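Student: I would like to learn how to read a model like this one. Could you take me through the features in turn?

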Amino acid sequence: MPHAQLELNRPTGDEVKTTTCYMCACRCGIRVHLKHGQVRYIDGNPAHPINRGVICAKGASGMMQHYSPARLSKPLLRVGERGERKFREIEWDETLALATKWLSDIRARNPDELAFFTGRDQSQALTGWWAQQFGTINYAAHGGFCSVNMAAAGMYTFGGSFWEFGEPDWDRTKYLMLWGVAEDHDSNPIKLGLGKLKARGAKIVAINPVRTGYASIADEWVPVNPGTDGLLAGALIHELLLGDRVDFEYLVRYSNAHHLVIRAPGAADDGLIARDADGKPLCAVRSASNRHSGAAQSAEPGIHDADHGKPDSGSLLRNVRNDEQKSSDFALTDATQPDIAPLIAGEYTLPDGRKAVPAFQLVAERFLADDYAPDHVAETCGVDAATIRRLAAELAHVAFDAAIELPIAWTDTHGRHHDSMRGRPVSMHAMRGIAAHANGFHTCRTIHLLQILLGAIDTPGSYRYHPPYPKPAPPGNKPAKSRRPDGSLTGNPLGYPQSPDDLLVDAEGKPRRIDHAFSWEFPLAAHGLLQAVIRNAVDANPTHIDTLFLFMANMGWNSAMDTTATRKLLCAKDAGGRYKIPHIIYADAYDSETVAFADLVLPDTTYLERYDCISLLDRPISGCDHAADAIRQPVVAPDRDVRPFQDVLLDLGARLKLPNMADPDGQPVYKSYADYMVRHERAPGVGMLSGWRGADGTQAGKGAPNPDQLQRYIEHGCFFETKVPEAGAYYRMANRDYLAWAQAMGFVANTEPVTLQLYCEVLQRFRLAAQGHGAVQPPEAERARVERYFDPVPLWYSEIELPAPLAGRAARSAERAAPVGGDPRENPPHLPSGHLPPQAGEGNDSYPLSAITQRPMFMYHAWGSQNRWLRQIAARNVLYVHPHTLAAHKLASGDWAWLTSPRGRLRVEVRAHAATAPGTVWTWNAIGKRRGAWKLGARAPEFVDGFLLNHLIGERARDARYGNGDPVTGQAAWFDLKVRLEHDPEPRVPGHRFEPVDA
Amino acid sequence: MTSLPAPAKKKLGLVIDLDICVGCHACAVACKAWNDGGDFGPLADDDPYGAEPHGVWFNRVHSYEVQPPAPGPRLDLLHLEDTAAPAPQMVHFPRSCLHCETPDCVTVCPTGASYKRAEDGIVLVDQDKCIGCQLCAWACPYGAREIALPHPKTTTSDTDRKDAKRGTMQKCTLCVDRIYNETLDARDRQPACVLACPTHARMFGDLGDPDSDVSKVVAERGGFALMPEFGYQPVNRYLPPRPRRDGSSTAATPPAPATETLDANQLPPLLRWLDKALSR
Amino acid sequence: MRPALSVIFFTVLSGAGYGLWCWLGVALAAGVYPSAGVGVLAPLVFGFVLVTAGLLASTSHLGRPERAWRALSQWRSSWLSREGIASLAAYLPMLAVAWLAWRGSTGGGLRVAGALLAACALATLLCTANIYRSLKTIAAWRARQVLPLYFVFAWLSGGLWLWAWLALAPHAAIGEAFPLTLLALAVIAAITKFDYWRGIDAQPANSAGHATGLETLGQVRAFEGPVTEPSYLTHEMAFVLARRHGGRLRRIALGLFAVLPVLAIVVAVTTGQAAWMAPIAAIAALAGLFIERWLFFAQARHAVAAFFPAPQG
Ligand SMILES: Nc1nc2c(c(=O)[nH]1)N[C@H]1C(S)=C(S)[C@@H](COP(=O)(O)OP(=O)(O)OC[C@H]3O[C@@H](n4cnc5c(=O)[nH]c(N)nc54)[C@H](O)[C@@H]3O)O[C@H]1N2
Ligand SMILES: Nc1nc2c(c(=O)[nH]1)N[C@H]1C(S)=C(S)[C@@H](COP(=O)(O)OP(=O)(O)OC[C@H]3O[C@@H](n4cnc5c(=O)[nH]c(N)nc54)[C@H](O)[C@@H]3O)O[C@H]1N2
Ligand code: SF4
Ligand code: SF4
Ligand code: SF4
Ligand code: SF4
Ligand code: SF4
Ligand SMILES: [Mo]
């Protein structure tokens, strides 16, 4: 172009189309600028509720993903051995016929022989439904290894979650604690929010062993030792309780703090909430007269000053001390009633004569114990006691002394009117730094307790729900256990068990699902356990799997724990030379590591070539003040012989004559996924999309299907949003205006308030079973484990993988560790005390360092490396180590060294990073690639120099009967990895390699 | 014309807030994407899928460790034994052309390809005149200029969608083809990197106008120019990270509740709560 | 800075060519040149070969060599443009000298042409030196020795070639003044270069803290660069030469461009073996200057390098 005469008014392309980004799960709105039928440029859609026009590096480079040379272009049938990458291109007809044959045989025999597992699937509303129609219980998506700890802890505690299910009140919060967050799913909203916080001068505290990214801009960095956050959060609670810095009014209004917990050791209902004849929880209130006088005046704290007549506390205390209470001092009553004055401490006698204590007291007893005293936790956490005390004081100061009041009138679920909304402007957000540990469920629950005690859930300035949340805690949907006569499951295969009766176990208590989700091993595995499928399928444990059907899950590489072993398992054969998993079908859009292991490859389109549905039935893209959903539309036509996976799935369903997919004549019910998105109804009037429903397109939420619905979406930028009524802005767990709206939208079945579960009764039900109560009880071997971890009050434990040390290597490393004469780095300084991870047992001595990964902001797992722009930012990863730790290991920044775990050892380049806790080493996740994948050149740095940490992560826990995960949810404990660093004799010779322990 | 124009009133440029940049590289990639397909592109890549991937970018994001000084004497990144040493900070630092007022990158150019616009101060390279001598890149202390030279590693399997134009110097254009572009919505008449930035760490405006938003924020936050000693007078400004309010500064620390609880501690807390008059 | 072979070839070869033309032009202008006709033409043409080879080499440094002519336009501000003009301008007196010498002329025309040739050669050298000297971004090239060294090296290497020609030419009788002048030049070159090296070694490197303006916050260390693999900037401007290597190369360069020529001249003057010694000295000096020029680039730190992490290993 002649720049002397600049053309400054050239259109950005011939045409601009809107759609939804797919380069991560954030699902921002994008504009695709097309020129000569090619993608010229992608930018953010300014109107879109998620990103408001901004776009990240992945999204902005989506076109290079779309034009990746690694795109698959035709269905593939394996001709060589698994893993060899030898395929024959076949036609779709043959492909679908083959898949139909395999699957129909299974369905006729036993639908559970199909294991259908999807990865970071954005169409779970379809895939889960499909699995249900097929009738296999063996379905799940990636949540099980991703952050189910976070999801489950939230759902069982407050009917919401971190993740994108809620967010800090970015416009009002004055204090944000980020627990173990590097990037998260909600990546652009978080960045937009952090920008706002900074502009307003709110304080940000990052609790993370590593300071990068978000933590860089935080005011305070708390370099906690990995896996010890539960202890730290517990110590914060300890301090708040000691200082009486707790929002008691909030507790009794919105949580079960005052619900009486039966204390009857040995009884079948020990630890359950005491209930009246109607099943209503009981609480103790001051004597009847007090109760009525007090209650009448106490509508809302801060608005009317509660001026109850003070009861004679002296007598109460005396009574409790003497353990004999006068019935005139208190009464038991329905705890859910309004206008009562509940008691949150003390021991009370139930009508049947047994004792009960308020749930709050049990929580307080746990966290007031010395175990959680700052001085006691300081060394383990690597955070000194004074800092913990100060952080607690800051939290309390902001929550209580800097509380805010919004002039928003609202009505609570009891019909009481309030003129304003009190806000505790303290917010928390947590992600995989908490979730990806074997104590993540309880740690996350501890953080939620911290929020609840501060009165900081869904109040102005605190964490806020995104519609369709809150839901009941836990939500009512339970995993389906049985099949209908037509072969379909009675419900979705995934859900939230509420008692042992909901588990998928056989008569002996053995798992029924291939991933052992909802078994006594991992009872609350709400998202299934993708990481366990391959091994169990190979072992036919508990059942034979004929076909493993995977969709966008890179199980042959970065999604696997112990990648080398997993790759071997995928190729495992029986004595007869047949593959132990007879068929593997894989749907991918790109030539990933996993493609190599498939028998049949279904090539998907790219995200710019298909319809997709970002449904409220799936993970929401709503914001706090609006519910939203969205679609993807094809903006360019595929130039290869590929088909949208969702279309293929519906086609397969029709060929298999699955219920609701084929009509009685055997004809497909849905022409395509687009058709399904419009016409399918889950319940009358409830479909995949909530916008422009009803025959004339005027209804939101519920309404008859509208044939023009997709057109409306496209005209409106491919998304739909409905505003939450203003009176429903906060206190949604008990806000009638909100709940009525949510019910109308189809989000909740009724307008019952959601009670925050300070005390989680569901957990106690499992514990009781372990203690020998109820019809469904764990097998003998599981009892102790269930009893320990199903504590209804959160607890902290250190569940760190500590297998036997590598005998040979340990000896060799000991030799190396011997001082070398004349080495200038001899006698390295010792690690500062208080910065070492917990020293327990011999295992820790052998593997003293914690190894973790972080998401790079510009890469999405494995996909980014085929993107010519993104791989220029990082084509290799190194291991970051505190300079002090490097020196202690006689290593210099830039050296190559061995990183050793019980699984084997990886040769990696080490580099100094001062903003890393000295006991932690880390690397960017999933930069390392397998040679041959992603159409990268033969000497690509991604595999010559870069490495995949997963090789070192064991798939089994220390107790090898269990997967390496959380004992409550099964969540993979990626970040419990313990390692040691060893000198390599040739520290200057570059090149990475992995030596497995059994090689 | 490589002689510099007389200083103009209008000085368009960027202001980058180092206090909130999280180092996400969105600006760098959005810049590459916008310019690659536009009049100033392509921004060629060499060996894009091979062993030595590299290419032309107008904007790059660095990250730095900063060890704030401690009261004590010993103070360096390698010896953090001193627990009094404040926590290291991380600062992310995007770097692109600063559209200097008196830059040598323009005057050294032998062809007149490198020029500074009189009307708004934007520094550009005329791709039709540039001979690719790279002298301007040598003259720039900020590393703002890049060039794609014929490269042996460019393989034929390379799926370059366009015949990469090579051999001429390229640099940030301040999105001159966006900011005046009347085919765009007014809101979109901003540099691609500014629109992309998810934290809004980047601002665009007239730094010659003291009343502009950018000038005001620079004045308020003490925005600084990079390496002023070269005398190039960069127009772009960086806003320094705000002081971090960690525990080390007492001002922001509220009084600990310990004092107020001393009394209450006389009672075992559980008993104390018996006394709570609560209302539901 | 990355030592680009094209630029090294250019500055060394055409430097020698212009140096040779300087001597020749001055000698002709002053009427002291001891030969005529082919005796003029031969070194003139040799100079032409050096200059032209250098110039051609330099165009291969260009991304768009076919547009090289455009470089002539910006003489008002650009030393590179001026250099282009001066280098082309030098061909005019060169042609004049050639034509006159071919015709066997020894008169005033040749004197004038010779003077112009020397002037143009000097101008070109001045421009070349200033291209480097004017780059504020590369502290090593701002050193006060850079400009004189370009002249001294040109005169030394060009002079040695002229001496070699004269020593080999059967009919030309030259005295000892010329080689001794060259000897002095070699000594000056060695001292000046040594001084230069000492100077640049003492220059403080630009730091990350200074480059980013973050030094006010504390000690700054580059953690991650914008890319993990080499890019144009790191490749071109963050070139680092291992220290160990540098010292050895400096000694070799010094030996070749100064010590050997000095010894050769001393031997030639004392034994009269100029015909042997002069070519050895000329070749040695040229080789030495290749190394010297390589180091001139390799050991010059560009200000921008401070932004990047120190290369590992
Ligand atoms: N750019 C990008 N965005 C993504 C993804 C991606 O690949 N790239 N992936 C998406 C997916 S699938 C997911 S699950 C989310 C995950 O989002 P994040 O949870 O933000 O992802 P991680 O990078 O795993 O971050 C874990 C963080 O926890 C820290 N950490 C590790 N152990 C501990 C600990 O014990 N305590 C504390 N306090 N911190 C700890 C790590 O240092 C790291 O900063 O991101 C999503 N977003
Ligand atoms: N060490 C370590 N390991 C981890 C983690 C960690 O933090 N540390 N994080 C874990 C977590 S939370 C997650 S979610 C996993 C994620 O890991 P994966 O789910 O394995 O990673 P992805 O890169 O999302 O790749 C999934 C597959 O989807 C394919 N794909 C991309 N686009 C499309 C498409 O349009 N259609 C189809 N059909 N396929 C497509 C890709 O080619 C790829 O093969 O990694 C886990 N592994
Ligand atoms: S955050 Fe995710 S969805 Fe949003 S633009 Fe980036 S990659 Fe796309
Ligand atoms: S930053 Fe560099 S390229 Fe840009 S105007 Fe200044 S000197 Fe020139
Ligand atoms: S590379 Fe191009 S723009 Fe730069 S100085 Fe040379 S001719 Fe001018
Ligand atoms: S202003 Fe435009 S050209 Fe310059 S860095 Fe930003 S996006 Fe790139
Ligand atoms: S886009 Fe914004 S936050 Fe991200 S690196 Fe660029 S300036 Fe920083
Ligand atoms: Mo994930």
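Tutor: Helices (H or I, at least four residues) and strands (E, at least two) are DSSP runs, numbered from the N terminus. Chain A has 30 helices and 37 strands. Chain B has eight helices and 11 strands.

Student: What should I know about the model and its numbering?

Tutor: This is a predicted model: local features need pLDDT of at least 70, side-chain atom pairs count only at pLDDT 80 or more, and totals for chains, interfaces and linings use all residues. Residues are numbered from 1 along each chain as its sequence is written, chains are lettered from A and ligands numbered from 1 in the order in which they are written, and side-chain values use heavy atoms, with hydrogens and water left out.

Student: How does the radius of gyration of chain A compare with that of a compact globule?

Tutor: The radius is taken over C-alpha atoms, and the globule rule is 2.2 Å times the number of residues to the power 0.38. For 999 residues, a compact globule would have a radius of gyration near 30 Å; chain A has 28 Å, so the two agree. The C-alpha trace of chain A spans about 85 × 85 × 75 Å along its principal axes.

Student: Which contacts in the chains link residues 24 or more positions apart?

Tutor: Contact means heavy atoms within 4.5 Å. Take the contacts with a separation of 6 or more. In chain A, residues 24 or more positions apart account for 71% of them. In chain B, the share is 65%.

Student: Now a single residue. Is A:W898 buried or exposed?

Tutor: A:W898 has 2% relative accessibility, so it counts as buried. A:W898 lies in strand 33 (residues 896–901) of chain A.

Student: How do I read a sheet?

Tutor: Strands of a sheet pair through backbone hydrogen bonds, either parallel or antiparallel. Here, two strands pair if DSSP finds at least two bridges between them. In chain A, four strands form an open sheet in the order 11-10-9-21, with parallel pairing. Strand 11 (220–222) and strand 21 (426–430) of chain A stand at the edges; each has a single partner strand, so one side of each is left without a neighbour in the sheet. Neighbouring strands of this sheet are turned by 15° against each other on average, direction ignored.

Student: Which residues and elements meet at this sheet?

Tutor: Five bridges join strand 9 (residues 175–179) of chain A to strand 21 of chain A. A:L176 stands opposite A:S427 in strand 21 of chain A. Helix 15 (residues 385–401) of chain A packs on the sheet, touching strand 9, strand 10 (203–207), strand 11 and strand 21 of chain A. The direction of helix 15 makes about 135° with that of strand 9 of chain A. Axes are lines fitted to C-alpha atoms, for helices over the stretch in contact, and angles run from 0 to 180 degrees between N-to-C directions.

Student: Which way do side chains point from a strand?

Tutor: In a regular strand the side chains alternate between the two faces of the sheet. From strand 31 of chain A, A:L849, A:A851 and A:T853 point one way, and A:S850, A:I852 and A:Q854 the other. Six of the six residues of strand 31 (residues 849–854) of chain A are buried, so the strand is largely enclosed by the rest of the structure.

Student: Which strands pair with strand 31 of chain A?

Tutor: Strand 36 (residues 978–983) of chain A runs antiparallel to strand 31 of chain A, with two bridges. Strand 35 (residues 920–924) of chain A runs parallel to strand 31 of chain A, with five bridges. A:S850 has a bridge partner in each: A:K978 in strand 36 of chain A and A:T920 in strand 35 of chain A.

Student: Last, the ligands. What surrounds ligand 3?

Tutor: A residue is near a molecule if one of its heavy atoms lies within 4 Å of it. Among the residues around ligand 3 are A:C21, A:C24, A:R27, A:K58 and A:N188. Helix 1 (57–60) and helix 7 (187–200) of chain A each give two or more residues to this shell. For classes, Ala, Val, Leu, Ile, Met, Phe, Trp, Tyr, Cys and Pro count as nonpolar, Asp, Glu, Lys and Arg as charged, and the others, Gly among them, as polar. The shell around ligand 3 has seven nonpolar, three polar and two charged residues.

Student: How many charged residues are around ligand 6 and ligand 7?

Tutor: The shell around ligand 6 has no charged residues, with eight nonpolar and four polar. The shell around ligand 7 has one charged residue, with nine nonpolar and three polar.

Key: Buried < 20%, exposed > 50% of the residue type's maximum accessible area, 1.4 Å probe, protein only.
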